[in-house]
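Dear colleague,

I am passing on the structure we spoke about, so that you have it to hand while you read. Please open it alongside the notes below.

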Amino acid sequence: MSSFAFVVSAKLNQKKNLFVLLLLIVGVCSYNLAQDYPPYGQHVPTAHFDHVNRPQLTPPPVTLLTDGTGRVAQSEWNTELVGYDTLDGRSTYQPLVVHQGDRYIAYMGHHATVGIDRLNGLVEPSGTSILDVTDPTHPVYLFHIPGPSGSIDAAGSQMVRVCGGDMLPSYSTEEKQRKHGHWYLLRSHGNSSGLTTPIESHEIYDVTEPSAPKFLTTVVGLLSNTHKSWWECDTGIAYLVANDPTQNWQQTGSTQHLKIYNLHDPANPEYIRDFGLVGQQPTADPTAPGYVQEGPNTPPSGIHGPISAGVEKNRVYMAYGVGASGVLQIIDREKLLNGCAVRAGCAVSPTQAEMLAPQKGWFTLPGFALQGGHTSFPIFGEEDGKPRNVMVVSSEEGGNECPAATAPHGMWLYDITDEAHPRQISRDANDPALTRLDVPNGFDGVTFNWVSNGLSGNQYSGVYPTNLTPQDPVPGVNSFCNQGGRFGGHSPTELFYPRYYGKLVIGAWFAGGLRVFDIRNPDRARPIAYFVPAPNDTGCGPKGGPSPGPGCTFANAGRDNHMVNAIQSNNVDLDDRGYIYVADRAGTGMHILKLTGEAAKAVEDK
């Protein structure tokens, strides 16, 4: 708990002093209990795993719209829709919902699209939408901060993080007073402008009044890439996905690694160091004696995003590769942050030994190069009174309508109790991605169309066949692989929310909507809930927002240029009330959900 001081008048009697003291303690404790887990606080919950052999559940079939398009209608299993907003039809990457004082504020990071701002009637390039979701049944749109224009994946302001000034540490009385009561938004500005014209940055806004955000500062600019950052509110440490092409870091695929800053005082960023997977450092030479190779690629795949378990657990988890050639890395946080205290030049250009010093373990995924590291979320727990730690890993599906010879992208569980020797658990030999955390492409919840890739060992994987959709030379049947856009895993939630921690994995599956898995027995994960939104064909008119006119959901092109206006659930987040927020890549908006039935019972299971 953060330190605080009480100023009590000497004229008050002792009983009144005690009463005031108790009120303040209760107030502070209530606030911190709601916030005291990553990324907002330092306390990491303990998951209590079991080995109960629960029956495997078959998700019920989804329903289809009756308009003859073959698209999925709103379908739910052990979930219920609570609230909705169109977000003015903007493609959305990341939802973030913050318990901000006595309100709940949703910060929605957008891909690069354009939309009519319902509040001012202007056409604006998509950046960050801010909504009040204190009443989840009635979201109130407060403001839109425009972002940079460009192609859908190359621009926008996709990533958002928020910390309170009273959460962040202060190094002086002046700093503490200046930050008191303030809230700060860290967002990416652009995503991938390219190595020759680097114009991306990470920015900070003061969002103390969410309806009137104020630009504060640029943390770092002239970047060729940005993406999924992490900000420790209790320490101020920010792990920014970035790349400065003048520094000559080396990556395959996504040209991005980490730039680490201390943002305890958001107006005055303090640079710490750059970091990535060994082999990415500027001086790496694959022909040099003793060169260390980790993963399929030389140089290694770029990072997608880090997750820190903070001071309490002293670990940072990093996922590389996004949707191919994935590597998952476990890092000693203290050694990472303090590893460049001795040698000048280490921060920008570390040696191989300095890159390896904080590393505790690493591993690749089934299918080797066919699956990537998108998200690596740790779950610290116990089973039968002994420590048991698990990592949730996801790979991002990047192709539309299940491209032939590509692997279905899913999620996996790894036992990382022995960090040097992680091992996959909840493995399913009958699944193409060899995991129980997967979603069949058939609407019936059972049918999965795949063939072997013909390889063996860690390179084996199931892959999608050549003929799968109705558009193929040998027509297949309608399925999630015939919805125009992507179908497959993307990302799980990243909030260390105690009620769900170690019980549920909640993730986005593009055309497959929201998917929930029961992991109370992590060796026998099972599906337990889903929510697939319907496309919005009517709700984003010329005034923006929820007004009559053309629909929000825009078309994606699949096999044989098959165009479909269908949903693309992109990312998910939670708030500390347990509500689930789903953001849509295809402009459908934000859906707010609650768990029901077996999923709700699993949460309450002691």
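Predicted model: local features only at pLDDT ≥ 70, side-chain atom pairs only at ≥ 80, totals over all residues.

I begin with the open sheet, in which five strands are arranged in the order β1-β23-β24-β25-β26 with mixed pairing. Because β1 (47-48) and β26 (423-425) stand at the edges and each have a single partner strand, one side of each is left without a neighbour in the sheet. The β1 strand runs parallel to β23, to which two bridges join it, and A47 stands opposite G381 in β23. On the next step across the sheet, β23 and β24 run antiparallel and are joined by nine bridges, with R388 in β24 as the bridge partner of G381. These two strands form a hairpin with two residues between them, and D384 in the turn has a positive phi of about 55°. Strand β24 (residues 386-394) is in turn joined by five bridges to strand β25 (residues 411-415), again in an antiparallel arrangement, and the bridge partner of S394 in β25 is M411. As for strand β23 (residues 375-383), eight of its nine residues are buried, so it is largely enclosed by the rest of the structure.

Turning to the aromatic residues, the structure holds 14 aromatic pairs. One of them is formed by Y261 and Y271, whose ring centres are 5.5 Å apart and whose planes meet at 65°, so the pair is edge-to-face. This pair links distant parts of the chain, since Y261 lies in strand β17 (residues 257-262) and Y271 in strand β18 (residues 270-275), 10 residues apart. Y261 is buried, with a relative accessible area of 8%, whereas Y271 counts as partly exposed at 35% relative accessibility. F496 and Y501 form a stacked pair, 5.6 Å centre to centre with 25° between the planes, and both F496 and Y501 are buried. Ring pairs also link W230, F377, F496 and Y501 into a cluster. A contact of another kind involves R577, whose charged end sits over the ring of Y104, 3.7 Å from its centre.

The second largest pocket contains about 490 Å³ of space. It is lined by 30 residues, and R436, D438, P440, G445 and P527 lie nearest its centre. By class, this lining has 19 nonpolar, six polar and five charged residues, and β31 (514-518) and β32 (526-532) each supply at least two of the lining residues.

There are also six cavities of 30 Å³ or more. The largest cavity holds about 110 Å³ of space, and of the 14 residues that line it, F377, T493, L495, L504 and V505 are the closest to its centre. Its lining has 12 nonpolar, two polar and no charged residues, and β30 gives the most to it, with three residues.

The second largest cavity holds about 90 Å³ and is lined by 13 residues, of which Q94, R161, E494, L495 and D573 lie nearest its centre. Two or more lining residues come from each of β4 (92-100), β29 (487-492) and β35 (569-574), and β35 gives the most, with three. By class, the lining of the second largest cavity has six nonpolar, three polar and four charged residues.

With best wishes

Key: Residues numbered from 1 in each chain as written. Heavy atoms only, no water. Pairing = 2+ DSSP bridges. Helix = DSSP H or I, 4+ residues; strand = E, 2+ residues; numbered from the N terminus. Phe/Tyr/Trp six-rings, centres within 6.5 Å; stacked < 30°, edge-to-face > 60°. Buried < 20%, exposed > 50% of the residue type's maximum accessible area, 1.4 Å probe, protein only. Lys NZ or Arg CZ within 6 Å of the ring centre and 35° of its normal. 1 Å grid on protein atoms, 1.4 Å probe; cavity = no way out; pocket = protein on both sides within 12 Å on 5 of 7 lines; lining within 4 Å. Points joined across faces, edges and corners; volume = space filled by probe spheres on them. Nonpolar A, V, L, I, M, F, W, Y, C, P; charged D, E, K, R; others polar.
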